[in-house]
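Here are a few friendly notes for when you open the model.

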Amino acid sequence: MKGPPVYGEDYVRAIWKAKICLSFITHLNRDDVAHRSFELAACGACVVAERSAAQEAVFEPSREMIFFSSVEECAQAIRGLLADPGRRADLGAAARARAVRDGYGNIAAMRTALEWVRESRPDLLPG
């Protein structure tokens, strides 16, 4: 994508317009998942993501997300997906269904955190 940065609803619209979205792990932070993978899945995007055991544990390979380990594997996946709009739509729908079903969103994460506080540390809550 070229152009200035986009935020909020414009960010979601940009994802919806993309045929394929890429997701890379930030190895300098010693991450083993990319938060972007969850954002893209929640938007129903067709995602080609850097492979890791953790990412493959939360998204089913080849059904919900395509994973790659090399530039060549990434390019091959992109070429195949560009030629197959039905496959892109199926991957995006499956990734979105997983994100919704398993609560891979910020709101669900906040609910889980607040529930933990209510049960484990009610002394932290006001009044």
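1. Where is the place of Glu64? Glu64 sits in the loop between α3 and β3; helices (H or I, at least four residues) and strands (E, at least two) are DSSP runs, numbered from the N terminus.

2. A word on conventions before going further. This is a predicted model, in which local features need pLDDT of at least 70 and side-chain atom pairs count only at pLDDT 80 or more, while totals for chains, interfaces and linings use all residues. Residues are numbered from 1 along each chain as its sequence is written, and side-chain values use heavy atoms, with hydrogens and water left out.

3. Is Glu64 buried or exposed? Glu64 is buried, its relative accessible area being 1% (buried means under 20% relative accessible area, exposed over 50%, partly exposed in between, with a 1.4 Å probe and protein chains only). The side chain of Glu64 makes a polar contact with the side chain of Arg63 at 3.4 Å, and another with the side chain of Arg98 at 3.4 Å. A polar contact here is a pair of N or O atoms within 3.5 Å; within protein, one must be able to donate a hydrogen and the other to accept it, and residues adjacent in sequence count only if both atoms are side-chain atoms.

4. Leaving aside neighbours within four places in sequence, the residues in contact with Glu64 (heavy atoms within 4.5 Å) include Val58, Phe59, Leu91 and Arg101.

5. Now to helix α2, residues 35-42, whose buried residues are Ser37, Phe38, Leu40 and Ala41. They cover an arc of only 165° around the axis, which puts them on the same side of α2; the arc is that of the directions from the helix axis to the C-beta atoms. These buried residues pack against α1 (8-17), β1 (21-23), β2 (47-50), α3 (53-58) and α5 (85-101). Just after α2, Gly44 takes a positive phi of about 80°.

6. The structure holds four aromatic pairs. Rings of Phe, Tyr and Trp (its six-membered ring) pair if their centres lie within 6.5 Å; planes under 30 degrees apart count as stacked, over 60 as edge-to-face and the rest as tilted. Phe38 and Phe59 have ring centres 5.4 Å apart and planes at 50°, so this pair is tilted. Phe38 lies in helix α2 and Phe59 in the loop between α3 and β3 (66-68), so the pair ties together parts 21 residues apart in sequence.

7. Phe38 and Tyr104 form an edge-to-face pair, 5.1 Å centre to centre with 85° between the planes. Tyr104 is in the loop between α5 and α6 (106-120), 66 residues apart from Phe38.
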